Amino acid sequence: MNSRNQAVFSNARPAGFARINRASWIDTLRVVAAVMVPTAAKGIIIRRPIMERLAQRQGLDTGAVKQMQRLVKKYGRAPLLLPIPFRPQLLILDPVDVSTVLQCSPQPFATATREKRAALAHFEPENVLISDASQRAELRPIHEHALASADRLHPSTARFKAIVDTELLEVLNGIGSGGRNELDWSAFSQAWFRIVRRIVLGDLARNDVTLTKTLNDLRSRANWAFAASIDRRKRRPFQQQLGQYLRQPGEGSLIGRLPKGSDFGLESQVAQWLFAFDAAGITIFRTLALLACHPSYWAKAVDEAKDPELDRPFTRNCLLEALRLWPTTPVILRELTEDIKTDDRTVARGTGVVIFAPFFHRDPELAYANRMEPSIWGPNDALPAIGFVPFSAGAAICPAHNLVPTIASLAIGMLSGTDVTLLQPSLTVDDLPGTLNHFDIRLRLSRQRVGASAPHAAAGFPPH
Ligand code: HEM
């Protein structure tokens with residue numbers, strides 16, 4: 001673990017817990033109904049629009065956090081054992097234990113859980129996320145190198161900027177020519193996946209919408225994990241197509257930084273990147289919605305984009321705020337590799353461990369729980385001491401924890417030549433909702449008024 005990680009884990013205990021409580025059957029049922037079912041129903045691997053709409057309308061995410069607070073009042077902050085038949089789970093309720101679990105992964109808190117194995121087998125059966133400790137030791141460095149995990153700026157950032165600029169310019173000109181200047185998720189996501197394919201695979205993949213469509217079909221099956229059979233007839237051509245790109249990586253692409261001719265199940269490693277960039281696109285779109293309601297923050301992001309410096313700390317922190325408010329990985333899962341003992345209880349090897357991020361991210365005791373406060377992040381992208389872990393933390397931290405904020409800040413910067421208005425939904429800035437359904441966000445992007453300098457104003461993009 002690097003020194004920065006050690007610093008953020010200042011409060012972790014050595015592997016183990018001082019105390020473990022056990023929930024009653026009725027409370028277990030309540031957690032399953034109010035926390036686990038809605039989270040799974042929204043779609044763990046690919047979001048389901050209908051369920052996300054329902055979650056927003058019914059306030060299901062806010063309800064889940066309230067349910068967790070009720071548990072803390074009743075049982076205290078020690079990890080809570082949910083005696084779910086055949087699949088007991090240990091629910092983490094204290095930020096100190098978040099640190100402990102993440103710092104002590106993958107032993108005794110393995111990243112590869114039964115649920116993840118069942119889901120990811122549908123499209124990336126050899127991925128690092130579901131590998132055992134010895135495979136992980138080989139695979140993890142491959143990801144870290146290709147994604148330049150330790151570097152604030154990836155070595156190909158200038159190329160990424162060129163890609164983001166051209167693709168988003170095309171979007172701006174497209175919505176401008178329609179005269180309405182409206183950007184919805186459908187238009188944004190099509191451009192976003194062109195960006196993703198070029199960054200990950202190379203320019204030749206720009207228009208390979210079939211690849212993305214096939215991956216999305218496989219992800220939809222993966223949402224059902226054990227409950228759906230693996231569609232090998234679809235998975236095979238998907239992997240073959242990835243194999244072709246891997247044999248001829250585009251110049252400056254992420255796959256160009258992978259080892260050559262190896263048997264590391266590279267198709268599975270790259271499938272995870274293509275999948276996970278969806279979450280990045282969702283978060284950029286949510287960040288734009290947030291910034292549209294916070295003119296002073298938008299002005300700061302615009303100022304930052306005028307600077308030729310490609311590291312944009314303020315814009316990165318805005319993205320982290322969107323992730324804190326609406327984490328795209330709401331549950332971080334682990335599985336015990338050995339029995340854990342406290343004075344009066346033994347929790348068996350194989351038990352699941354659940355960190356439900358919104359519980360910590362939206363703790364009502366925090367003055368800023370339900371509003372945007374970019375300053376809380378400082379130079380960090382994880383604050384495990386208070387349970388803020390949108391990219392996780394420790395040895396299994398998302399290896400794109402630097403890359404995603406970089407590309408996101410470039411995309412947001414590209415749009416900084418416009419005025420952004422949130423048309424839908426309506427947000428109350430002092431009381432942001434527990435769910436922000438990205439499928440239904442609509443923005444208006446209009447060229448800036450006279451006097452405002454527009455560093456990236458789109459050629460031909462008409463004024464409002
Ligand atoms: C908003 C965007 C993203 C968020 C919030 C995010 C968050 C996460 C989280 C929470 C984990 C789980 C870590 C754990 O179990 O402790 C993870 C794992 C991972 N992510 Fe990301 N991720 C994002 C985008 C990406 C992208 C774009 C890539 C690749 C280009 C990527 C690659 C990975 C990989 C390979 C893992 C597995 C790491 C391991 O098990 O060692 N992620 N990510």
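1. Asp217 and Lys213 are joined by a salt bridge, with 3.0 Å between the closest N and O atoms. The term denotes a side-chain nitrogen of Lys or Arg within 4 Å of a carboxyl oxygen of Asp or Glu. Both residues belong to helix H10 (residues 209-222), where they are four residues apart, about one turn of the helix. Helices here are DSSP runs (H or I, at least four residues), numbered from the N terminus. Asp217 counts as partly exposed because its relative accessibility is 24%; the class lies between buried (under 20% relative accessible area) and exposed (over 50%), with a 1.4 Å probe and protein chains only.

2. This is a predicted model, in which local features need pLDDT of at least 70 and side-chain atom pairs count only at pLDDT 80 or more, whereas totals for chains, interfaces and linings use all residues. Residues are numbered from 1 along each chain as its sequence is written, and side-chain values use heavy atoms, with hydrogens and water left out.

3. A salt bridge also forms between Asp278 and Arg219, the closest N and O atoms being 2.8 Å apart. This pair links distant parts of the chain, since Asp278 lies in helix H12 (residues 266-292) and Arg219 in helix H10, 59 residues apart. Both Asp278 and Arg219 are buried.

4. Arg371 and Glu373 meet through their side chains in a salt bridge of 2.8 Å, N to O. With a relative accessibility of 28%, Arg371 counts as partly exposed.

5. A network of salt bridges links Arg159, Glu167, Glu170, Arg194, Arg198, Asp203 and Arg206. By the stated rule, the count comes to 27 salt bridges.

Notes: Helix = DSSP H or I, 4+ residues; strand = E, 2+ residues; numbered from the N terminus.
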